[in-house]
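I opened my notebook to look up a ligand and some aromatic rings. Here is what I was reading.

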Amino acid sequence: SNELMAGKRGLIMGLANDKSIAWGIAKALADAGAELAFSYQGEALKKRVGPLAAQLGSDIVLPCDVSDTASIDTLFSDLETRWGKMDFIVHAIGFSDKSELRGRYVDTSRDNFMMTMDISVYSFTAVAQRAEKMMTEGGSMLTLTYYGAEQVMPHYNVMGVAKAALEASVKYLAEDLGKDGIRVNAISAGPIKTLAASGIGDFRYILKWNELNSPLRRNVTIDDVGKSALYLLSDLGSGVTGENLHVDAGYHVVGMKAVDAPDI
Ligand code: NAD
């Protein structure tokens, strides 16, 4: 435990269960003394998220479906009432119809393209608009992305296109909000077995491939992501904005399968 986040308040969006990347981040922040609020999507998740929040000393657990503008507004007006100001926000939300996270990108439907972009891309801008107003003493915003934005990964398809747009929005948001002392960054996480990841075709193969071919010869954990998130969300990241930090055991620097990596 350290005191990097003492006196800081922030919102965690996208906690579903104890496998969620949001959980790894929330644990690292709470351990550093942050005061946390959580938003969850849908009543079914409330009974999961409530006890997890309680474990980290938080009783602020609020519903928010980011595809619904009124729902986002209600969340932020509730937070405004409780807290007045806030210091950070974590956006760990993405969604696409899993029938289009396999097969060919070229077969993407208009409806799923729009929904994927709305939930996985626009929602970060929508929450940034509202969070900005509460970050009166500066702040730090963080979203989660994946290497499938930069290079073609099997089955990632429309989600790769959405993450590319999300990464571009991080840069535009960083410029807009920088004048107010608000930093905006992304973490590009290596593959981790979560609920969302289980919707991606052949995900077990992708995990194995990364384990065998990344420089660290292992997969990353939600705790690895949590520690890097703490850096970006705390004063340790004070000079960093518009960045996409790869927390992927180095996979993104590899151009060719290593000679010592076994075939799988
Ligand atoms: P997860 O399933 O634990 O979290 C995804 C969250 O998105 C869930 O809490 C879900 O409720 C939420 N969500 C979906 N639609 C929503 C909506 N309309 N409104 C509000 N919330 C909604 O999975 P995760 O892997 O922890 O995903 C978190 C983020 O990390 C996502 O952006 C994902 O794309 C990204 N990411 C994941 C991996 C990986 O391998 N798991 C790698 C890189 C990036």
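My entries follow, starting with the ground rules.

I am working with a predicted model, where local features need pLDDT of at least 70, side-chain atom pairs count only at pLDDT 80 or more, and totals for chains, interfaces and linings use all residues. Residues are numbered from 1 along each chain as its sequence is written, and side-chain values use heavy atoms, with hydrogens and water left out.

**Around the ligand.** I looked up which residues come nearest to the ligand.

**Polar contacts.** I then checked pairs of N or O atoms within 3.5 Å. A ligand oxygen lies 2.6 Å from a side-chain N or O atom of threonine 194. Another entry puts a ligand oxygen 2.8 Å from a polar backbone atom of glycine 14.

**Aromatic rings.** I found three aromatic pairs, counting rings of Phe, Tyr and Trp (its six-membered ring) with centres within 6.5 Å; planes under 30 degrees apart are stacked, over 60 edge-to-face and the rest tilted. Why is the pair of tyrosine 146 and tyrosine 156 edge-to-face? Their ring centres are 4.8 Å apart and their planes stand at 70°, so the pair gets that label.

Methods. Near = heavy atom within 4 Å. Polar contact = N/O pair within 3.5 Å; in protein donor to acceptor, adjacent residues only side chain to side chain.
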